[in-house]
Amino acid sequence: MTRMSNTVLGFLNILTLISSIVLLGSALWMGRSKTTCEHFLQKPLLILGLAILVLSIAGLVGACCDVAWVLWVYLFFMVFIIVALMGLTLFGFIVTSHGGGVGVDGRIYKEFKLESYHPWLKTRVIDTNYWVTIKTCLLGSVTCTKLALWTPLDYLQKDLSPLQSGCCKPPTSCVYNTDTPIQQDPDCYRWNNAATVLCYDCDSCRAGVLETVRRDWHKLSLVNVIVVVFLIAVYCIGCCAFKNARRPQHYGFPYGRYGMSKSRPGWEQSWSRWWHGRDRQQNITGTYTNLR
């Protein structure tokens with residue numbers, strides 16, 4: 001029973017090891033996905049997945065082999081990961097609290113406004129060089145291909161994704177073929193029927209990209225809450241396993257035969273005994289030399 005915490009810690013680290021592999025696979029899939037062209041969350045997922053993978057292996061070695069110094073390193077870095085995840089989760093909830101679509105009368109889909117999103121997110125898509133990369137990705141995707149065959153009735157009865165709503169059509173409020181010029185949304189003048197233009201340079205398209213990021217990041221923040229709670233539980237069990245690893249091991253009996261058996265010292269005691277023995281040997285040698 002004294003090693004139960006090591007067994008539980010080893011089992012939990014197997015779970016975290018599998019989870020880290022799934023996380024890395026999701027990040028790599030996100031980089032190849034054509035459903036969204038904003039890969040902002042890919043790098044954080046890769047870093048998090050690699051960190052948890054390395055820590056899981058360290059936790060398995062420390063728990064199964066009962067190595068105290070490995071468990072110490074494991075617990076030390078676990079604190080940083082928990083704190084970093086808590087900060088990332090809090091920041092994610094703050095950023096994703098802004099935004100969301102606006103309903104359109106007589107339509108199922110929603111439209112999105114760039115000014116409703118968090119300033120930190122807006123600065124990313126406003127940058128011209130950064131937007132060229134996203135625009136190139138959108139042109140190579142099938143985001144707007146399906147809408148080319150839609151009829152006006154389809155726009156009344158079917159829903160649109162944020163990218164389709166913002167990038168593949170002009171704002172619903174736009175009025176064309178009018179003799180008298182009227183003041184409209186600037187995106188109305190950026191729209192073009194050409195398949196390579198459409199509304200890819202519209203603010204509504206930028207808002208559609210941010211809405212996709214906002215939804216994905218909000219889901220990730222909810223998952224992070226569960227991960228943080230799980231890691232805190234693993235950390236507590238790891239502390240118990242670390243105490244067990246530092247406790248002297250008795251052969252055959254947890255407290256020694258009749259409480260008087262010699263115990264096998266831990267690595268700290270062995271190192272201290274070797275070091276003090278080395279100093280004592282040097283002192284004896286020095287004394288013998290002086291006597292001669």
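**Close-up views of a predicted model**

View 1. Arg206 counts as buried because its relative accessibility is 13%, where buried means under 20% relative accessible area, exposed over 50% and partly exposed in between (1.4 Å probe, protein chains only). This is a predicted model, in which local features need pLDDT of at least 70 and side-chain atom pairs count only at pLDDT 80 or more, while totals for chains, interfaces and linings use all residues. Residues are numbered from 1 along each chain as its sequence is written, and side-chain values use heavy atoms, with hydrogens and water left out. Arg206 is found in helix 9 (residues 203-246); helices (H or I, at least four residues) and strands (E, at least two) are DSSP runs, numbered from the N terminus. Leaving aside residues up to four places away in sequence, Arg206 touches Leu114, Val125, Ile126, Trp131 and Asp201, contact meaning heavy atoms within 4.5 Å. A polar atom of the Arg206 side chain lies 3.0 Å from the backbone oxygen of Val125.

**View 2. Ser165 in helix 7.** Ser165 lies in helix 7 and counts as buried, at 4% relative accessibility. A polar atom of its side chain lies 2.6 Å from the backbone oxygen of Lys110, and the residues that Ser165 touches, not counting those up to four places away in sequence, are Tyr109, Lys110, Glu111, Phe112 and Leu160. The C-alpha atoms of Ser165 and Cys199 are separated by 9.7 Å, although the two residues are 34 residues apart along the chain.

**View 3. The largest nonpolar core.** A nonpolar core is a set of buried Ala, Val, Leu, Ile, Met, Phe, Trp, Tyr and Cys residues joined through side-chain atoms within 4.5 Å. The largest one has 56 residues, of which Leu9, Tyr74, Met78, Trp131, Leu138, Cys167 and Tyr200 touch the most other members. Among the elements that give two or more residues to this core are helix 1 (4-32), helix 2 (42-65) and helix 3 (68-96), while helix 9 gives the most, with 12 residues. Met78 touches Leu55, Leu231, Val234 and Tyr235, not counting residues up to four places away in sequence.

View 4. The structure holds four disulfides, a disulfide being a pair of cysteine sulfur atoms within 2.5 Å. One of them joins Cys144 to Cys168 (S to S 1.8 Å); this pair links distant parts of the chain, with Cys144 in the loop between helix 5 and helix 6 (152-157) and Cys168 in the loop between helix 7 and helix 8 (186-190), 24 residues apart. The link of Cys144 and Cys168 is left-handed, with -80° about the S-S bond. Cys174 and Cys188 also form a disulfide, their sulfur atoms 1.8 Å apart; Cys174 lies in the loop between helix 7 and helix 8 and Cys188 in helix 8, so this pair ties together parts that are 14 residues apart in sequence. A further disulfide joins Cys199 to Cys202, and it is left-handed because the torsion about its S-S bond is about -90°; both Cys199 and Cys202 are buried. Cys239 is in no disulfide, and the nearest cysteine sulfur, that of Cys236, is 6.3 Å away; Cys239 is partly exposed, with a relative accessible area of 25%. Cys240 is likewise in no disulfide, the nearest cysteine sulfur, that of Cys239, being 6.9 Å away, and Cys240 counts as partly exposed at 41% relative accessibility.

Methods
A polar contact is a pair of N or O atoms within 3.5 Å; within protein, one must be able to donate a hydrogen and the other to accept it, and residues adjacent in sequence count only if both atoms are side-chain atoms.
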